[in-house]
Amino acid sequence: MVLEHYISDLLYRYSCVAVPNFGAFLTQKRNAKLVEESNTFYPPTKEISFNRQLTTNDGLLVSYIAEAEKSTYESILSKIEAIVADWEEDLKIKKVLVLDNIGELTLNAEEKIQFQPLEKVNYLTSSFGLNTFNSSVVTREVL
């Protein structure tokens, strides 16, 4: 079971996906923007963040995986707990945990988890198919 695959699926539909006893991935909508220095347009997006304080199991992730894998809630919960224990160990040993299509978790000097989101995936479904693009400079003639 690849836990980050299921987390990624749920981030398209929900603004908070809690991983029991680990933390929660949160999304917040950001408007389209223009960087005038480079004439680059960016589509609206969902920005991902991580909150280590939200460790309570809300049942969303476990239920979703149990249904997808046609398994029981309890067995999936125990698998998630084992994966979370592996993640914690990886963070302590390697100091970096890469979650595909989500981002990187690292431990800082104070042993606190820092999250760097992966920006190549846009979880805002209404922006599907919209890409970043550069425009040529538009010069206006003053009359």
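This is a predicted model: local features need pLDDT of at least 70, side-chain atom pairs count only at pLDDT 80 or more; totals for chains, interfaces and linings use all residues.
Most residues other than glycine have a negative phi, and E111 takes its positive value although it is not a glycine.

## A sheet of three strands

Another part of the model is an open sheet of 3 strands, in which the order is β1-β2-β5 and the pairing is antiparallel. Strands β1 and β5 stand at the edges and have a single partner strand each, so that one side of each is left without a neighbour in the sheet. On average, and with direction ignored, neighbouring strands of this sheet are turned by 20° against each other.

Between β1 and β2, which run antiparallel, there are 4 bridges, and C16 has L26 of β2 as its bridge partner. In a regular strand the side chains alternate between the two faces of the sheet.

Strand β2, which covers residues 23-30, also contains F25. Is F25 buried or exposed? Its relative accessible area is 0%, and F25 is therefore buried. Although F25 and S49 are 24 residues apart along the chain, their C-alpha atoms are separated by 5.7 Å.

## Helix α1 against the sheet and against α3

Helix α1 lies across β1, β2 and β5, and runs at about 155° to β1. Two packed helices are described by the angle between their axes and the distance between the axes. For α1, at residues 3-11, and α3, at residues 73-94, the angle is about 105° and the axes are 11 Å apart. The two helices are therefore roughly perpendicular to each other, a description that applies because angles from 65 to 115 degrees are counted in this way.

Which residues make the contact between α1 and α3? On the side of α1 they are L3, E4 and I7, while α3 contributes I80, I83 and W87.

Helix α2 spans residues 60-68, and L61, V62, I65 and A66 are buried in it. When the helix is seen down its axis, these buried residues fall within an arc of 125°, and so they line one face of α2. Among the elements that cover the buried residues of α2 are α1, β1 and α3.

Just after α2 comes K70, with a positive phi of about 50°, and this residue lies in the loop between α2 and α3. K70 is not a glycine, and yet its phi is positive. Is K70 buried or exposed? Its relative accessibility is 73%, and K70 therefore counts as exposed, since the cut-off for that word is over 50%.

Definitions and conventions: Residues are numbered from 1 along each chain as its sequence is written. Side-chain values use heavy atoms; hydrogens and water are left out. Axes are lines fitted to C-alpha atoms, for helices over the stretch in contact, and angles run from 0 to 180 degrees between N-to-C directions. Angles under 35 degrees count as roughly parallel, over 145 as roughly antiparallel, 65 to 115 as roughly perpendicular and the rest as oblique. Contact means heavy atoms within 4.5 Å. Buried means under 20% relative accessible area, exposed over 50%, partly exposed in between (1.4 Å probe, protein chains only). The arc is that of the directions from the helix axis to the C-beta atoms. Two strands pair if DSSP finds at least two bridges between them.
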